[in-house]
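Thank you all for coming; I would like to take a few minutes to walk through one model. Please have the sequence and the structure open while I talk.

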Amino acid sequence: MNFKLLSLAVSGILTVGVAASAAAVVTTSPVRSSTDLREFNSVHGQGAIAQNVEEQTNIRVYEKASPAVVTVDTDRSNGSGTIISPDGMVLTNAHVVSAGGTVNIILSDGRKLVGDVVGFGEEGLDLAVVKIRGQNNLPTIPLARPGSVKVGQQAFAIGNPFGKFQGTFTVGIVSRIDLSRGLIQTDAAINPGNSGGPLLNSSGELIGVNTSIFTRGQGGGNIGIGFAISADKVPAFLTAVREGRAPRVAQARSPFGNTSPEKLALNGPAISGKLTDKSNILPADNSFFDLYSFEGKAGQEITIEMKSEEIDPYLILLGPNQRGIAQDDDGAGSKNARITVRLPADGTYTLVANSYEASESGAYTLELKASATEPSRAILQEEGALVTGGPVLPSDNSLYREYTFEGRAGQSVAISLESTDFEPYVAIIGPNDRLLAQNDEGSDSAKNAFLSVTLPATGRYRVIVNAYDASGRGRYTLTVR
């Protein structure tokens, strides 16, 4: 999920949606023991827990709101949600539950309950309500008074980032309010898996539903620009749900509206384009973009270059299922953009020819070069099985296996993990033991995962074969090309 607008959903770059992530295993030095408990008590006494008003506010908001924040887990996606009624109405993002399948709600106390989607937002409103079966007297979070949110006020987010860390609490401010789109911008850390979770004020009231983040570079993580759907849009939606007027089926959405991509030929001549105020607009930053598509083959290495003397080009490449594959700003030198990547699957790829800044206008050229369509040589190909008794990740007790290969700096590799028995998760770790990339869904219709990565250094790389959760068991095939 390495792209300018980070998707936390199964599809669509305008939403912050969801992929399972590997848990980092961290070892620490043992704490020095002491026979004198007075030293421990002096450091960890009650006064040290809440040293100032800000800390007291943080603690109070978390203790008040967190019991009503849940994980929303489906067969194909994972997000967060807010209990808004004692009988188990859960508010979340539509993109978290729109792929269908059984919806499981995991409460803050660890209970796992089944829910039913009872309504979706209309006209692009990325909201849904899930009703937990057979519950009463659940904790809830109230809505803030309409129009009460102000730029500069404190903002608090609670959710399940990366589908692994339920109950994570982050703090920031309201950075900006976009009245035209009904969005609240915040610097409170929001990451994949926070989709649908609450953005709160200092009274523990819901001011927004976290839905997307803006990010740059290959890391694909939070850089302090997140977006939440304003709670002002929630009451009318809830009324429609309660009165039975809300759609019971997810409304078809495209991350690019009604825009039809222009076909781009492999190894054809460079084409010319121009971004103007008549071009399409990415809502998160108001930058202009043109849309292209091409047919690619698994293992095929491609290079895309976007050059201009009038704008700062920015490229975003999406895979056949609209998940981010790669992005680049200045990879071709000067302000020009270049993506070199090995394609992970057969299918139609989408290319966003974009500008780095909002409202940049100017001409550009775009060129797509591709290697032969034959599959490239496999660096690593393994068949194995995750079985009871094997090694597990301490964070969630999910089974994993580890493989290694030798890579060189600048080498592009495509990693695929396929299984018909469990939902796979795959990650790659570099020679410096840093996590480079991760993914848990290679397509929306099959249990597989893929990654496409340009290796940053020469050395030994580790590939982690993992299951989405602790229940994952069965056979798999791992291929690194």
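First, a word on what we are looking at. This is a predicted model, in which local features need pLDDT of at least 70 and side-chain atom pairs count only at pLDDT 80 or more, while totals for chains, interfaces and linings use all residues. Residues are numbered from 1 along each chain as its sequence is written, and side-chain values use heavy atoms, with hydrogens and water left out.

The protein chain has five helices and 31 strands, where helices (H or I, at least four residues) and strands (E, at least two) are DSSP runs numbered from the N terminus. Of the 481 residues in the protein chain, 53% are buried; here buried means under 20% relative accessible area, exposed means over 50%, and partly exposed is in between, with a 1.4 Å probe and protein chains only. If we take the contacts between residues at least 6 apart in sequence, 71% of them join residues at least 24 apart, a contact being heavy atoms within 4.5 Å.

Let me turn to helix α3. This helix covers residues 53-65, which is 13 residues, and its first and last C-alpha atoms are 18 Å apart, close to the 18 Å expected at 1.5 Å a residue; the expected span is 1.5 Å times one less than the number of residues. At its start, a side-chain oxygen of Asn-52 comes to within 3.1 Å of the backbone nitrogen of Glu-54.

Which residues of α3 are buried? They are Thr-57, Asn-58, Val-61 and Ala-65. These residues cover an arc of only 100° around the axis, so they sit on the same side of α3, the arc being that of the directions from the helix axis to the C-beta atoms. As a general point, an α-helix has 3.6 residues a turn, so residues three or four places apart point the same way. The cover over the buried residues of α3 includes β2 (69-73), β8 (154-159), β9 (168-178) and β11 (198-200).

From β2 we can move on to strand β3, residues 78-85. Eight of the eight residues of β3 are buried, so this strand is largely enclosed by the rest of the structure. β2 and β3 run antiparallel and are joined by five bridges, with the rule that two strands pair if DSSP finds at least two bridges between them. Within that pairing, Val-70 has Gly-81 in β3 as its bridge partner, and the hairpin that joins β2 to β3 passes through four residues. β3 also pairs in the antiparallel sense with β4 (residues 89-92), over three bridges, and there Ser-85 stands opposite Met-89. This second hairpin has three residues between its strands, and Gly-88 in the turn has a positive phi of about 100°.

Now to the charged side chains. How many salt bridges are there? The count comes to twelve, where a salt bridge is a side-chain nitrogen of Lys or Arg within 4 Å of a carboxyl oxygen of Asp or Glu. One of them is between Arg-342 and Glu-301, at 3.2 Å from N to O. Arg-342 lies in strand β21 (residues 337-342) and Glu-301 in strand β18 (residues 301-307), so this pair ties together parts that are 41 residues apart in sequence. Arg-342 is buried, at 14% relative accessible area, whereas Glu-301 is partly exposed, at 29%.

Another joins Arg-462 and Glu-402, at 3.5 Å from N to O. Because Arg-462 lies in strand β30 (residues 459-467) and Glu-402 in strand β25, the pair ties together parts that are 60 residues apart in sequence. Arg-462 is partly exposed, at 24%, and Glu-402 is partly exposed too, at 37%. Arg-176, Asp-178 and Arg-181, for their part, are linked in a network of salt bridges.

Finally, the loop between β25 (400-407) and β26 (412-418) is where Arg-408 is found. Arg-408 is exposed, with a relative accessible area of 51%. Leaving aside residues up to four places away in sequence, Arg-408 touches Leu-455, Ala-457 and Thr-458. The C-alpha atoms of Arg-408 and Thr-458 are separated by 3.9 Å, although the two residues are 50 residues apart along the chain.

Definitions and conventions: Polar contact = N/O pair within 3.5 Å; in protein donor to acceptor, adjacent residues only side chain to side chain.
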